[in-house]
Amino acid sequence: MACEQIHGADGAMLWSIQEAVERQTLQIGASACGATAVVDVLKALGVEVAPEEADRCVRTRLRRNEAPLPDYLRSRSEAGATHSQLILGAQEASQGKVAGRFFHFHPRRLVRLIPWLARWIRKGAVPVATMNMQLAVPEGEEVPDAWHHQLIFGVAPNTVFMTNPLDVGSEEEVHQRLCSESVLLIRREDVLQRLTPGCCLSALSEESRSDPRWKALDVEGQVRQVALEEEQEPDRPKSAHVTIPAAYSSGITLFALRESLLGRELLDAPELPLL
């Protein structure tokens, strides 16, 4: 795998932009951005795997769009994949050849994102960002409805190059999305269309038995508030979203060949220090 150095100390590329256009894998299925990233990670490390096999190994979870509201919200909180699923999926799909190491970026870390990424990319590591796309939303654009995993194929001063979709982000924008609490905003209309008369909202608080964040965020109370707002005057302000816990952690997973010097260095690397 050739690693191209650009713009001095703060630049490094796994692929050129033209190579990324030709080599990137477009989203392979619903909620499968994680499995899609794993396909390209393995490709960058010289391991060819069919997209279906990567998806099977990552064990992508789907949204249960037809389910009653409590079960729908539960499915939304874990749809897609976590960084742990990406690491295990890449390991299984590569028959143990590829290892991954996740670095938390929340709470905020003492790190300069682009020089840190450039150092690892120059060594041959392949980064995948796990980002909350509901942060750093450009003015005038609608808030996205999901987190996203994207392979980073290069960096330059104040620039991060990513695939699926082929995209360029500023350091500040990407860093903001990498430093997020594990929460997800659910659109008001997605809640309302499943808020049927027989809906058992207390089931939302019962979720706290397995995850206390459902109670801490008072998801049941938020949903009741949304229902109440529907009965108010039309010109009264209304909640745009309901906030629920998310299974994902924001940060970057670095992948390398397990038996390489880089693989061993990666697995032994310390966590990034807290700010």
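The side chains of K43 and D40 are joined by a salt bridge in this predicted model, with an N to O distance of 3.6 Å; a salt bridge is defined as a side-chain nitrogen of Lys or Arg within 4 Å of a carboxyl oxygen of Asp or Glu. K43 and D40 lie three residues apart in helix α2 (residues 33–44), a separation of about one helical turn; helices are DSSP runs of H or I with at least four residues, numbered from the N terminus. K43 is buried at 16% relative accessibility, and D40 is likewise buried, with a relative accessible area of 1%. Buried denotes under 20% relative accessible area, exposed over 50%, and partly exposed the range in between (1.4 Å probe, protein chains only).

Within helix α7 (residues 171–178), E173 and R177 are four residues apart, again about one helical turn. Their side chains form a salt bridge of 3.9 Å, N to O. E173 is partly exposed at 23% relative accessibility, whereas R177 is buried at 8%.

A further salt bridge links K238 to E230, whose closest N and O atoms are 3.6 Å apart. Both residues are partly exposed, K238 at 36% and E230 at 40% relative accessibility. Elsewhere, E53, R56, R59 and E92 belong to one network, connected through salt bridges that share partners. In total, 18 salt bridges were found in a search of the whole structure.

Residues are numbered from 1 along each chain as its sequence is written, and side-chain values use heavy atoms, with hydrogens and water left out. For this predicted model, local features need pLDDT of at least 70 and side-chain atom pairs count only at pLDDT 80 or more, while totals for chains, interfaces and linings use all residues.

Note on methods. Helices (H or I, at least four residues) and strands (E, at least two) are DSSP runs, numbered from the N terminus.
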